[in-house]
Amino acid sequence: MTIYLLELGFEEIPARFIPGLIAELRSRWMDALNTAHIEYQDVEVVGTYRRIATLIHGMADESAQISHRIRGPIRSVAFTEANELTPAGAGFLRKNNVTDFVVEAEGDKHYIVSYTTIPSRPTVDILGSIATSVVSGISLPIAMKWGDGYGPFIRPVHWIVSLLGDRHVPVEFLGIRSGAMTRTHRFLGSYREATITSASDYVTILNDHYVNVLPAGRRDIIRNELDLNRIHYDVTLLEEVVFLTEWPVPIWGAIDSDHMTLPAPAVVECIQKNQKYFPAIIDGKLTDRYLIIADSVTPANEAIIKRGNHSVLRARLEDVKFFWNEDRNNSYDNWVKKLDAIVYQKGLGSVGDKVRRMMPLADRFAQWIGADRVDSVRAAQLSKGDLVSQMVQELPKLQGVMGGIYAQLSGESSAVSSAITHLYDSDIRIDQPVCAALALADRLDTVVSCFANGLIPTGSQDPWGVRRAALAVVRALHRLHIPMTLTDLVSMGFDGLGTGRDKQDLCISFMMDRARYIFETDGVGSDMIPVSAVVDSVISPHRSLVQMAHSASHLQSRISDPRLKLITETVIRVSRLGRSASGRFDPSRLDTNERAGLDPVIQWMAGTDIHTLDDFHVLTDVMPAYFESTLIMDPDLDIRSNRLSFLRDVSTKCELFADFEKLSPALGGAQN
Amino acid sequence: MTRSFQDIILTLQTYWSDRGCVVLQPYDTEKGAGTMSPHTFLRVLGTTPWNVAYVEPSRRPTDGRYADNPNRLQHYFQFQVVLKPSPFDIQDLYIGSLESLGISRQDHDIRFVEDNWESPTLGAWGVGWEVWLDGMEVTQFTYFQQCGGLDLNPISVEVTYGLERLAMFIQNKTSVYDIIWKESRNGLVTYGDIYRPSEIDYCHYNFTHASVDRLVTQFELAEAECNELIAHKLVSPAYDFCLKCSHTFNLLDARGAISVTERMAYILRIRKLAKKCAEAYLAHPVEI
């Protein structure tokens, strides 16, 4: 049992790629070791921006010996009567590269059988070629070449350390030959290289030379500092900084007081995105401190580094101040006018056009929600204006947030400015009516625009975020209990657009899929079957989400009720027969007895909507007996046709509640 | 004694000259970056090795701030180094150049942070980093992969120092205009003394007074000239007119005269010229 170390050293690899690389290397190593039948206890992959190291713990000294039994043709095919090999028998041996064989019985037949053995081999002999194939197969999120055409890799590769215990296992990759020499921290310490004496000492030796090669170790150092100071931090930023450092040291900086008057979201964005510092957000409030995670700190240079970083941030915030002042000297209405010059999507006009489509939509949603209509339309009119502000052009992630701030400054109501602020929140704010009306209008227009323009999401391709937008719309309608059908919803969107009507049905079924997902995850029906029964019903596009949710949860609650099984069986029988109907059902053409028997059902069909399973009682009271006593497929074609049409109409009525065919699997199958 | 702006240039020139670079002078056509000089754009094409260093005045009309902003300029200086093929120890060479400027590796936090580069107008892209010196971006570091739409082999590495940033760092200034250019025979001469008046004038020109109609015409004239010169296989003058198109486009952009759709069309027109120049150069590359 030994540890194997493979360290790959390179010029600085982008932090965002390293977690993926680590995960991929680990799984490639495990696959390769399994294929080679080498046993191991654990594959650990660690690293920094400058190195990725695989540590295989508890590695067997040799691969396992593997035996295979290969069965060939039956004896009569493999051998002649004189018990000599036939061409088929010889071919079997040749194909499997074996000479020895036996004849073995399987049941009452005998076969030619051969046993092959892959002999055990010393791990050290095969490890080099395994390592080469593992690293050669790494997928490259970005590829480059260097020098005289070396590569491709993510960045130039500089060294490889390959040690099984203390023994060098030669590996060659992209022109680099392995050894036992690693590079230490680029700037810290007195030495630039160090010899790894043994794979088991790797982590310790690097640590002695200012490289904390364990991501978890670096993460702890940074997180402890943040937690100690009760700072709310961005997890993505933390992960990035973990891989931007080999020897992280926290240094605290302070924001100058004149910059604390700038809008907090802009300051935060600047600190985080541009400089990768952690702003000290404590209890939801930005304080004037920020945490720098530096990589080359010594007692002698700490003050210099702190001063340098401070002046950089100061310059950045000066820029923000410039934009802030410029923007405030501009009028919001003037920005809105400029939106006509910005293309929204090719073929769908400008952002100004989009805004003009959103305004009536916001009005309609406001009426459904009960939001203030004037505020909702005004919010829609202003919502995209900040796109042309200098601040948003410089810091695009602040779109919406800055719009809200500028709207408030130019005297808009708090409902309007808050709606703009939250326009791009991933979940639509249903607790604020104007906000919801605006966000619904924007996203609905995005979805129908993309459909009309052929930008329909497929697989992982969804550059405009149509799925996300559609999901947000359906979820908000559901949570707000808006009694609107998806057909009306989508149609309203296409009305404003004026083109792409041929995509409407596709768009409705796309929305319906979001409804399915929401019902399944939002506590309507934890079981997929009742949800499908409702969503897949042909009538669902013409039912409101409220009705559908009601039906689905009702079905869910009665899924083990024996009456549901009876109803389902009855409805399925009715609908399967009714499928072949072609004419109109005419009650007057039934004979008197039949008519009298069916009368409760005929009344029921003409009556009100079905709300619960209890509304089906009339059907289960009447129909089984009717089927018992009546030959639907009467030889008289007119009678037959009228009966079939009757059944079809009953079935149509039932589908207003659910597609019962979809329910049958939950009930252990329905009888025909 | 504080190292002056011109000392910084001289030091870098000496450093890279000592490491085998040809030291050239700025190229005399307006351009947005040192990369656009023919000493880079054309010479990275083909197989002939090339090691060069030069200062390049660079113009980005939209970045002007009427000298109100201490960090943004519409005219500034880059120090450009191109090494072809890229040497294996280029990062060390670069760090050595910082040390020649008195920026010791022991005293600072030097980081190579991902920053890939793409110039849609030149049909060029590369991968690399921006170098952070205690959090300040002082250098752009790029391994060129494509230029004029053509794959490169061997690969060149381009190291571009932002001279003002570097000088502000070295001289500990918070405004670019306070950079000491030179302690001259008759007193201190600052960057502001030399460039503030023209910076303000150019902002007025770029943002307000540049005639859109005449710029559009100039663009078309330069484009026609470039095409005709390529037909005559006169790569160097043809490329000058490609650069003129690029700068004229930047001016139109600063004037706010280009809509999003037009913008793409202009970029494509310039890229087409750049590609033709690259192809014409490759047909008869300069051998050394």
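In the predicted model examined here, B:Phe241 lies in helix α7 (residues 235-254) of chain B, where helices (H or I, at least four residues) and strands (E, at least two) are DSSP runs numbered from the N terminus. Residues are numbered from 1 along each chain as its sequence is written, chains are lettered from A and ligands numbered from 1 in the order in which they are written. Because the model is predicted, local features need pLDDT of at least 70 and side-chain atom pairs count only at pLDDT 80 or more, whereas totals for chains, interfaces and linings use all residues.

B:Phe241 is buried, because 22 other C-beta atoms lie within 10 Å; a residue is called buried if 20 or more other C-beta atoms lie within 10 Å of its own, exposed if 12 or fewer, and partly exposed in between, with C-beta atoms placed from the backbone. When neighbours within four places in sequence are left aside, B:Phe241 is in contact with B:Ala222, B:Glu225, B:Cys226 and B:Leu229, two residues being in contact if their C-beta atoms, placed from the backbone, lie within 7 Å. By comparison, B:Ser175, 66 residues away along the chain, has its C-alpha atom 35 Å from that of B:Phe241. B:Lys233 lies in the loop between α6 (212-231) and α7 of chain B, and has a positive phi of about 60 degrees although it is not a glycine. B:Lys233 counts as exposed because it has 11 C-beta neighbours inside 10 Å.

Chain B is divided into domain 1 (5-196) and domain 2 (205-283), with bounds that come from an automatic or database domain assignment. The centres of these two domains of chain B, taken over C-alpha atoms, are separated by 24 Å, and the contact takes 23 residues from domain 1 of chain B and 22 residues from domain 2 of chain B. A cis peptide bond, with omega near 0 degrees, runs from B:Lys84 to B:Pro85, and B:Pro85 is placed in the loop between β3 (75-84) and α3 (90-100) of chain B.

Between the chains, the contact takes 32 residues from chain B and 30 residues from chain A. On the side of chain B that touches chain A, at least two residues each are supplied by β4 (110-114), β6 (124-133), β7 (136-147) and α8 (260-283) of chain B, and the largest share, 4 residues, comes from β4(B).

Chain A has 26 helices and 17 strands, and is divided into domain 1 (2-62 + 122-208), domain 2 (66-118), domain 3 (215-328), domain 4 (336-547) and domain 5 (559-667). The centres of domain 1 of chain A and domain 2 of chain A lie 45 Å apart, taken over C-alpha atoms. The radius of gyration of chain A is 36 Å, whereas a compact globule of 672 residues would have a value near 26 Å; the radius is taken over C-alpha atoms, and the globule rule is 2.2 Å times the number of residues to the power 0.38. Along its principal axes, the C-alpha trace of chain A spans about 105 × 105 × 45 Å. Buried residues make up 40% of the 672 residues in chain A, and residues 24 or more positions apart account for 65% of the contacts in chain A with a separation of 6 or more.

Helix α12 (residues 373-382) of chain A is mostly covered, with 7 of its 10 residues buried, among them A:Val377, A:Ala380 and A:Leu382. The elements that cover the buried residues of α12(A) include α10 (332-338), α11 (351-369), α14 (401-409), α15 (414-421) and α16 (433-452) of chain A.

Helix α17 (residues 466-479) and helix α19 (residues 504-521) of chain A pack at an angle of about 60 degrees, with their axes 9 Å apart. This angle makes α17(A) oblique to α19(A), since angles under 35 degrees count as roughly parallel, over 145 as roughly antiparallel, 65 to 115 as roughly perpendicular and the rest as oblique; axes are lines fitted to C-alpha atoms, for helices over the stretch in contact, and angles run from 0 to 180 degrees between N-to-C directions. The contact is made by residues including A:Leu471 and A:Val474 of α17(A) and A:Phe510 and A:Met511 of α19(A).

Two local backbone features of chain A complete the description. A:Asn83, found in the loop between α2 (75-78) and α3 (87-95) of chain A, has a positive phi near 65 degrees, and counts as exposed because it has 8 C-beta neighbours inside 10 Å.
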